[in-house]
Amino acid sequence: MIGAIPVIFNVPGSSSSNKIYIAQPVITILIFFLFSFFICRADLLFYLFILIPYLIGAIAGGMLAGLYRRKYQVTRPILFFILFLPFLSSLAEKQFYSRPVMYSVSNTILIHAAPQQIWGNIIRIKEIREDEISRGFLDYAGLPRPLYAELDQDTLGATHIGNFDDGLSFYEKVIVWEKNQRIVFDIKIIPPPAAKSIFEKQIMQNDHFRIIGASYDLTQIDPLTTQLRLTSSYELRSHINWYSALCGNILLKDFQARLLSVVKARCDK
């Protein structure tokens with residue numbers, strides 16, 4: 001609809017090239033996003049992720065409206081029907097059930113240390129100093145930063161708590177315990193007193209995006225080299241799971257890579 005509006009209200013007889021039908025929706029979307037960002041003050045990451053589907057939809061709407069104008073040489077009243085499509089489609093969308101789909105993403109790193117030394121640094125993570133973990137785009141976009149992790153006992157069924165800034169905590173029940181080889185967590189998220197970012201709000205809602213679990217796997221390559229793999233699993237429930245999974249993988253891979261780099265720096269000989 002946003003992409004079709006500038007084409008619908010374009011002055012009759014003005015340029016009707018395909019470039020105009022693409023340029024006008026793109027400019028309109030960018031202005032719309034800038035206005036929304038400064039008014040709503042939401043996370044930059046949220047806007048960047050939804051910008052791509054918005055642009056695709058806007059260009060499609062602009063092209064369809066432009067092709068209709070070109071065919072009939074005049075803005076017909078029926079063209080204004082496009083303005084009501086979002087309201088009609090939202091009613092139809094609610095009738096289709098979104099099935100939850102499971103996804104997982106992994107990262108591996110080689111550490112010059114024995115599994116026994118690495119094991120102690122993953123089941124309990126001492127407070128991470130700011131100079132220990134690299135800051136990237138996702139930090140500036142509003143994602144919480146990991147602080148430290150605790151484990152109440154060294155056994156199956158233990159509770160592992162991952163603490164983040166802004167009061168966010170992951171309560172993780174140990175469901176697989178293979179000392180110095182593998183540990184698997186079932187995750188429950190404890191929300192902060194007031195969710196500040198779009199990321200936190202979506203996590204807290206447990207509706208469209210829900211983190212299910214995580215695991216560490218250690219494979220000894222030689223006496224002083226170990227491969228450490230971190231795997232995270234999550235559930236999506238949306239009508240565009242393919243795109244949501246792409247965004248989710250980017251978020252989790254970035255988080256995993258930076259956390260593994262902390263473990264490596266602490267264990268490397």
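1. Arg 124 is partly exposed, at 33% relative accessibility. In this predicted model, Arg 124 forms a salt bridge with Asp 154, with the closest N and O atoms 2.6 Å apart. The pair links distant parts of the chain, 30 residues apart. Arg 124 sits in the loop between helix 5 and helix 6 (137–140), and Asp 154 in the loop between strand 2 and strand 3 (159–164). Asp 154 is also partly exposed, with a relative accessible area of 45%.

2. Eight salt bridges are present in the structure. One of them joins Glu 235 to Arg 210, the closest N and O atoms being 3.5 Å apart. Glu 235 lies in strand 7 and Arg 210 in strand 6, so this pair ties together parts 25 residues apart in sequence. Glu 235 is buried, at 13% relative accessible area. Arg 210 is partly exposed, at 31%.

3. A network of salt bridges links Arg 129, Asp 131, Glu 132 and Arg 266. Within it, Arg 129 pairs with Asp 131, the closest N and O atoms being 3.1 Å apart. Asp 131 counts as exposed, at 61% relative accessibility.

4. The largest nonpolar core has 39 residues. Ile 111, Ile 118, Ile 122, Ile 183, Tyr 216 and Leu 228 touch the most other members. Elements giving two or more residues include strand 1 (101–111), helix 5 (115–123) and helix 8 (241–267). Helix 8 provides the largest share, seven residues.

5. Which residues does Tyr 216 touch, not counting those up to four places away in sequence? Among them are Ile 122, Ile 183, Leu 228 and Leu 260. Gln 181, Arg 182 and Arg 229 are on the list too.

Note on methods
Residues are numbered from 1 along each chain as its sequence is written. This is a predicted model: local features need pLDDT of at least 70, side-chain atom pairs count only at pLDDT 80 or more; totals for chains, interfaces and linings use all residues. Side-chain values use heavy atoms; hydrogens and water are left out. A nonpolar core is a set of buried Ala, Val, Leu, Ile, Met, Phe, Trp, Tyr and Cys residues joined through side-chain atoms within 4.5 Å. Buried means under 20% relative accessible area, exposed over 50%, partly exposed in between (1.4 Å probe, protein chains only). Helices (H or I, at least four residues) and strands (E, at least two) are DSSP runs, numbered from the N terminus. Contact means heavy atoms within 4.5 Å. A salt bridge is a side-chain nitrogen of Lys or Arg within 4 Å of a carboxyl oxygen of Asp or Glu.
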